[in-house]
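Please look through the sequence and the 3D view below before reading on. The text after them walks through selected parts one by one.

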Amino acid sequence: APTPVITAVSDLCQNAGSKSFAATPTGGTWKLDGDGNNGTFNPGNLAAGNHTVKYYVTDVNSCTDSTSDVFEVFDTLQVNIDNQAYCAGGSYTYNLPNNWLSYVWNGVAGTSSYTISGGTLAVNVVTTDVNGCITQDFAAVTENPFPLPELGPDTAVCFGSSVTLDPGTANILNYDWNPGVLTTPTIVVNTTGTYKVVVSDNIGCSGEDSIHVQIHPLPVISLGNDTTICDNGYDRIVINAHYTGTKQLLWSTADKDVNHIKIGYTGAYWVQATDSNGCVNTASIDVTRHCNDVKFKFPDVFTPNGDGHNDEFVPMDIDDSNFEQQYANMVSLSFVVFDRWGVKVFESQSVLPRWDGKFNGGELYTGTFFYIVKYTNTAGNTYESTGNVTLMK
């Protein structure tokens, strides 16, 4: 019978990689733990413990013999380290379990603990257990800078406006605003106060900044209640601005830095006030149309004798002081005077009734004359007055 001989199989670790069996004479068949085998094996596919390999040889005479060997596969615990980070100026320490006899960190023998500081580093650890099985792992440890939030200088805005606070650290993960419970990268504020933000990354590196925001009140200004005017081209009213403090004023009429304006037309008027903080407020007033109903009354007698008293036939309550204003209140007007024979001695259009008692520049006799006055005033009413007036010398 042939005499097969197996080259002794050494005990080995599970992570030893693929191995081959060897024996003489060659050409036989293998079995590992009772199962057919092609002469190779991977310790990582075998359970920890003893394993039996058997080699069978059959010679040309069909004589068969076999031999066997026993080897042990050691349970190999893989060491694992993860990528880590630490805050600038600090450090990070790996703390591994005491499962290995030796630890080599970045080529230097050490213990189960290893501290990294002073920058961003690649880390390699090699461990050896009681059976001499070696494992290793790689990682990177990053030194993270502290966030540097910057809210800018203290600021101020006017009431009605707001300020967006942005620390300028959009790549940072966590935000804590105070006062309040907001955790957004930016906030919008519209009330006076000091605002603080703490910005931190995912490992707790943090920085903070604060800013004072002042909300100035708007200047107080008023033009009073809405009012009316007779827009006859003569009447004027004064609009006064009521305010306190020193302000720059700009009116809708383009007047500047005056506390009142005089107007003669209907419409919406406004004044804009700007205070020392640059805050702007506007007051407005509506001026609508309202004209009094002007109705004439005429005297029965006038005396054109040049004595300065009652020398003209004009409506009562009209004199040189109010003549233009009353004329402005007329939209249309006609005035005709006839003598007792029906001869027209005077006529005027679009002016107030005013007759000096003459006809074609000549003096008239004492007597009674007939007049017709028709007019429409700015209130929109039309009247016609007829009557007799006595001219006395």
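The paragraphs below go from a sheet and a residue within it to salt bridges and then to a surface patch.

This is a predicted model, in which local features need pLDDT of at least 70 and side-chain atom pairs count only at pLDDT 80 or more, while totals for chains, interfaces and linings use all residues. Residues are numbered from 1 along each chain as its sequence is written, and side-chain values use heavy atoms, with hydrogens and water left out.

Begin with a sheet. Strands of a sheet pair through backbone hydrogen bonds, either parallel or antiparallel. Here four strands make an open sheet with mixed pairing, in the order 24-30-29-27. Strands are DSSP runs of E with at least two residues, helices are runs of H or I with at least four, and both are numbered from the N terminus. Two strands count as paired if DSSP finds at least two bridges between them. The edges are taken by strand 24 (227–229) and strand 27 (248–251); each has a single partner strand, so one side of each has no neighbour in the sheet. From one strand to the next the twist averages 30 degrees, with axes fitted as lines to C-alpha atoms (for helices over the stretch in contact) and angles running from 0 to 180 degrees between N-to-C directions. Strand 29 (residues 267–274) and strand 30 run antiparallel and are joined by eight bridges. Within this arrangement, Ala 268 stands opposite Asp 286 in strand 30.

Strand 30 (residues 280–289) also holds Val 287. Is Val 287 buried or exposed? Val 287 counts as buried because its relative accessibility is 3%; buried means under 20% relative accessible area, exposed over 50%, and partly exposed in between (1.4 Å probe, protein chains only). Leaving aside residues up to four places away in sequence, Val 287 touches several residues, among them Thr 227, Ile 229, Ile 263 and Tyr 269. A contact means heavy atoms within 4.5 Å. Val 9, in contrast, is 278 residues from Val 287 in sequence and 113 Å away in space, C-alpha to C-alpha.

Next come the charged pairs. Side chains of opposite charge can pair when their charged atoms come close. How many salt bridges does a search of the whole structure find? The search finds seven, a salt bridge being a side-chain nitrogen of Lys or Arg within 4 Å of a carboxyl oxygen of Asp or Glu. One is formed by Lys 196 and Glu 208, whose closest N and O atoms are 3.4 Å apart. Lys 196 is in strand 21 (residues 193–200) and Glu 208 in strand 22 (residues 206–216), so this pair ties together parts 12 residues apart in sequence. Lys 196 is partly exposed, at 31% relative accessible area.

Another salt bridge joins Asp 320 and Arg 354 at 3.2 Å, N to O. This pair links distant parts of the chain, 34 residues apart: Asp 320 is in the loop between strand 31 (301–302) and helix 1 (323–328), and Arg 354 in the loop between strand 33 and strand 34 (358–359). Asp 320 is exposed at 66%, whereas Arg 354 is partly exposed at 31%. Glu 347 and Lys 344 also meet in a salt bridge, at 3.1 Å, N to O.

The last stop is on the surface. Trp 341, Val 343, Phe 359 and Tyr 365 form a nonpolar patch there, with about 400 Å² of accessible area together. Val 343 sits in the loop between strand 32 (330–338) and strand 33 (344–349), and is partly exposed with a relative accessible area of 40%. Patches consist of residues with over 30% relative accessible area and no salt bridge, like charges being joined within 9 Å and nonpolar side chains (Val, Leu, Ile, Met, Phe, Trp, Tyr) within 5 Å. Accessible areas come from the Shrake-Rupley method with a 1.4 Å probe, and for residues only the protein chains shown count as cover.
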